[in-house]
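Here are a few notes from going through this one. Have the structure open while you read.

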Amino acid sequence: MGGVLASVDSRTRLVGANRLELLMFKLHSNQLFAINVFKVQEVLRLPKLTNLPGHHPHVVGVAHLRGQTVPVINLAQAVGMPPLVPKPESNLIVTEYNSSIQAFLVGGVDRIINLNWEDIMPPPRTTGRQHYLTAITRLDDKIIEIIDVEKVLAEINPYTIALDPSQLEEGILAAAKDMEVLMVDDSPTAISQVKQTLMPIGITVHTATNGKEGLAMLKGWADAGEDVPKKLLMLITDAEMPEMDGYSLTSAVREDPRLKDLFVVLHTSMSGNFNKAMVEKVGCDDFLSKFQPKLLAELVENRVRIKAGLPETT
């Protein structure tokens, strides 16, 4: 347990300082790709795979790892490249996203690098793989392409995200129509999911693609004389984003007297002890693992009830 707590402490210090670690790897060529180390459980040589009847075309089989059956996704194929051929020298990157475990078949794993979020940039519009990239960075004059894993997983296992307004109380629906939230996330998939969940119940969703942009919007409203904590039902922010991450955004909100009372929800595909520790450290009000529309709806309903002065449910 001591080792786990030490790991949590060291990683929360890293992320709280607007820094991240990336695991770099290759697929077909020398082009380097990356994902956040926070989401990686382990890297291993390709074990024996078991065929999965009726599986999605991008799933090459399942691996049995430490008593768990883990689906193995051909990452090259999932991002629109020719599929990798599984070989004994191939690698698996085992990850946890949205409270689920999956593994990605890749070619060679390169190394782990430590960067500042300010060094992470949106992908250029001209790149052919932009559809599956959430960001890029540079290292030794080479471009590193950061995969939008949320989009990959959403296409393999689509979420049911629409809410039925008829299931909500009339008072909640009436109150929600006058309310607004700010959603800060660099993943178009995540933004679309939240919009499809909240907009049917009448909530206006403002969006920003990184913490720096989101903070500028908040300060802009405050500079214009608006009472931002009163204006917004909540701020929903991703954890990992280019230029400024969600933890640094939350810290900046708490440091501004005009924004400090804003209700902040950390909404991220990273789950477990690390995010719980960061929620406490930077002062978020709540945490939601992506993507759980029912839990998001429950949280929003409770906030609407409190904001509108409606009686609490028993």
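The points below go through a sheet and the helices packed on it.

1. Keep in mind that this is a predicted model. The part I looked at is an open sheet of five strands, with parallel pairing and the order β12-β11-β13-β14-β15. At the edges sit β12 (204-208) and β15 (286-289), each of which pairs on one side only. From one strand to the next, the twist averages 25°.

2. Look at one pair inside that order: β13 (residues 232-237) runs parallel to β14 (residues 264-268), and three bridges join the two. If you want a residue to start from, take L235, whose bridge partner in β14 is V264.

3. Which strands does α5 touch? Helix α5 (residues 188-198) packs on the sheet against β11 (180-184), β12, β13 and β14. The direction of α5 makes about 170° with that of β12.

4. Helix α10 (residues 293-308) packs on the sheet too, touching β13, β14 and β15. Its direction makes about 150° with that of β13.

5. As for the geometry of α10, its 16 residues reach 22 Å from first C-alpha to last, close to the 22 Å expected at 1.5 Å a residue. Just after the helix comes G309, with a positive phi of about 70°.

6. Which residues of α10 are buried? They are P293, L296, A297, L299, V300, R303, V304 and R305; note that two arginines, R303 and R305, are on that list. These buried residues pack against α4 (170-176) and α5, as well as against β13, β14 and β15.

How values were computed: Residues numbered from 1 in each chain as written. Predicted model: local features only at pLDDT ≥ 70, side-chain atom pairs only at ≥ 80, totals over all residues. Heavy atoms only, no water. Pairing = 2+ DSSP bridges. Helix = DSSP H or I, 4+ residues; strand = E, 2+ residues; numbered from the N terminus. Axes fitted to C-alpha atoms, helices over the stretch in contact; angles between N-to-C directions. Contact = heavy atoms within 4.5 Å. Expected span 1.5 Å × (residues − 1). Buried < 20%, exposed > 50% of the residue type's maximum accessible area, 1.4 Å probe, protein only.
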